[in-house]
Amino acid sequence: MIDLKYLQKNYDEATALLIKKGVSSDTLEQLHQLFIALKEANAQFEEAKANQNEMSKLFGVYKKEGKDTTDLKAKVDANKELLVALQEKARQADEALQNRALVIPNFPDAKVPDGVDENDNVEIKRVLTPKTFDFKPKEHWELSELNGWIDFERGVKLVKSRFSVLKGEAARLERALIGFFLDHNRTKGFEEVSIPFINNRAMLQGTGQLPKFEEDLFKIEGEELFLIPTSEVPLTNLHHDEIVSPSQLPLLYTAYSPCFRKEAGSAGRDTRGMIRQHQFSKVEMVALTHPDQSDAIFEMMVANASELLTLLELPHRIVELCGGDLGFSAARTIDIEVWLPGQNQYREISSISNVRDFQARRAKIRFKDGDKNSFVHTLNGSALAVGRTIIAIMENFQNQEGGIAIPKVLEKYMA
RNA sequence: GGACAGUUGGGUGAGUUGGCUGAAACCACAUCCCUGCUAAGGAUGCGUACUCGUAAGGGUACCGAGGGUUCGAAUCCCUCACUGUCCGCCA
């Protein structure tokens with residue numbers, strides 16, 4: 001949730017930022033008016049209620065003193081009628097504002113590059129040079145067929161399209177990567193946690209998936225529960241509705257989880273192979289920080305994800321997302337894209353975002369800031385997406401015969 | 001899934017014959033005083049959010065959630081959620 005008071009006070013500046021993210025100025029004007037309407041309605045209701053409270057108090061005094069309460073009762077009853085109407089008006093104003101405000105995306109940072117889609121993203125640097133093959137490198141599904149690693153057909157049989165089964169060496173590789181990622185993240189100060197893969201509605205709203213993106217989530221029938229689309233949801237919400245001590249900050253967490261996404265709107269994209277699945281494994285980093293340290297932690301998280309790829313000897317590049325490509329909750333996002341020689345292109349393998357106070361405001365995650373309470377900054381990033389790492393290893397470590405080598409750092413995990 | 005009990009501020013925990021309780025007390029925490037250090041002791045402060053005000057200081061809401069009764073509810077009634085205990089089932 002954006003800071004509505006900030007929007008009121010710095011309307012032009014705030015509007016310019018949100019337009020960068022694709023919000024229309026009409027929407028913002030509407031929001032502005034709803035906010036004013038709510039304040040008015042609340043003020044009116046509170047005044048009437050204060051009257052009512054005072055008279056009720058008097059009523060008690062009269063009773064005690066044995067005085068006649070007939071006149072007072074008449075006054076109170078008359079006021080109550082007004083009160084009920086004002087209360088309803090205030091309730092509606094609040095509901096209208098909430099409905100609007102919850103679907104407004106976060107402000108992008110001022111330094112976020114302008115642009116409408118991924119074509120306007122800015123490459124920051126490349127790490128490791130892709131090796132040249134003296135044969136035409138295969139795509140991962142071709143390699144899978146040769147090695148029997150991924151069983152797409154049986155994934156479809158068990159569930160439906162966009163599900164698959166990893167077998168043998170590939171299954172062990174997935175487990176090895178999860179262990180490697182978690183162990184490495186731990187050395188950077190992230191505490192390893194094991195979290196529920198189902199969360200309730202309030203948590204999904206806290207991190208911004210709801211109410212706007214319900215069609216992207218798998219919902220448990222008959223319950224207000226959802227399969228998590230990323231462990232960012234439970235990790236960030238560990239401190240939902242809490243006020244933490246500043247000495248605890250930054251809180252750094254890492255967890256493995258499967259991620260479940262409906263991929264609504266992605267029909268036809270990446271239908272071949274394991275790039276885009278309804279269920280995939282991911283190791284996530286989440287940070288809750290003091291606002292002053294979120295930029296530094298952000299850099300650390302980007303560096304960490306890049307380091308993982310470097311240790312795996314996987315060439316990658318670091319890309320800053322433009323305003324139009326930024327996700328709903330993010331103020332700033334850096335994607336890390338790994339080189340896939342079979343596809344002959346870089347593909348996203350990690351996405352690291354500084355969310356500032358947007359989620360903290362929704363999830364009520366605060367810290368004692370002197371004599372007041374302030375919202376923490378939340379950050380999240382993949383380190384790394386496991387399924388896509390497997391693909392990257394397959395394509396980068398293939399030989400002419402279609403064999404696949406295993407990166408050296410994983411040897412002890414595959415032993 | 002069945003039966004009973006409970007859900008109050010950072011914690012423990014009073015308050016359930018409706019008004020003087022946004023909430024005792026204790027602990028924790030903060031500042032100060034005292035003590036050569038430590039330990040012990042004393043004073044004061046200490047829920048959250050919104051709102052009016054330059055400020056001092058007011059107002060409103062919140063005692064699991066929602067609804068009801070009432071001039072007035074933490075206190076009475078209803079629904080739901082959660083927790084505990086016993087039973088059933090089970091990795």
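I begin with the RNA. In this predicted model, 18 residues surround RNA strand B, and the closest are Lys49, Ser56, Phe59, Lys73 and Lys368. Of the RNA atoms that come within 4 Å of the protein, 70% belong to sugar and phosphate.

Where does this surface come from? At least two residues each are supplied by helix H3 (25-65), helix H4 (70-101) and strand E13 (365-369). H3 provides the largest share, with nine residues. By class, the residues of the surface near RNA strand B are nine charged, five polar and four nonpolar.

Let me turn to individual phosphate contacts. Lysine 73, already named among the closest residues, has a side-chain N or O atom 2.9 Å from a phosphate oxygen of RNA strand B.

I now move to the helix pair. Helix H5 (residues 140-147) packs with helix H12 (residues 386-396) at an angle of about 80°, their axes being 9 Å apart. Angles of 65 to 115 degrees count as roughly perpendicular, and H5 and H12 are therefore roughly perpendicular to each other.

Which residues in H5 and H12 meet? From H5 they are His140, Leu143 and Ser144, and from H12 they are Ile391, Met394 and Glu395. This contact of H5 with H12 has three nonpolar residues, two polar residues and one charged residue.

Methods. Residues are numbered from 1 along each chain as its sequence is written. Chains are lettered from A and ligands numbered from 1 in the order in which they are written. Side-chain values use heavy atoms; hydrogens and water are left out. Axes are lines fitted to C-alpha atoms, for helices over the stretch in contact, and angles run from 0 to 180 degrees between N-to-C directions. Helices (H or I, at least four residues) and strands (E, at least two) are DSSP runs, numbered from the N terminus. Angles under 35 degrees count as roughly parallel, over 145 as roughly antiparallel, 65 to 115 as roughly perpendicular and the rest as oblique. Contact means heavy atoms within 4.5 Å. Ala, Val, Leu, Ile, Met, Phe, Trp, Tyr, Cys and Pro count as nonpolar, Asp, Glu, Lys and Arg as charged, and the others, Gly among them, as polar. A residue is near a molecule or strand if one of its heavy atoms lies within 4 Å of it. A polar contact is a pair of N or O atoms within 3.5 Å; within protein, one must be able to donate a hydrogen and the other to accept it, and residues adjacent in sequence count only if both atoms are side-chain atoms.
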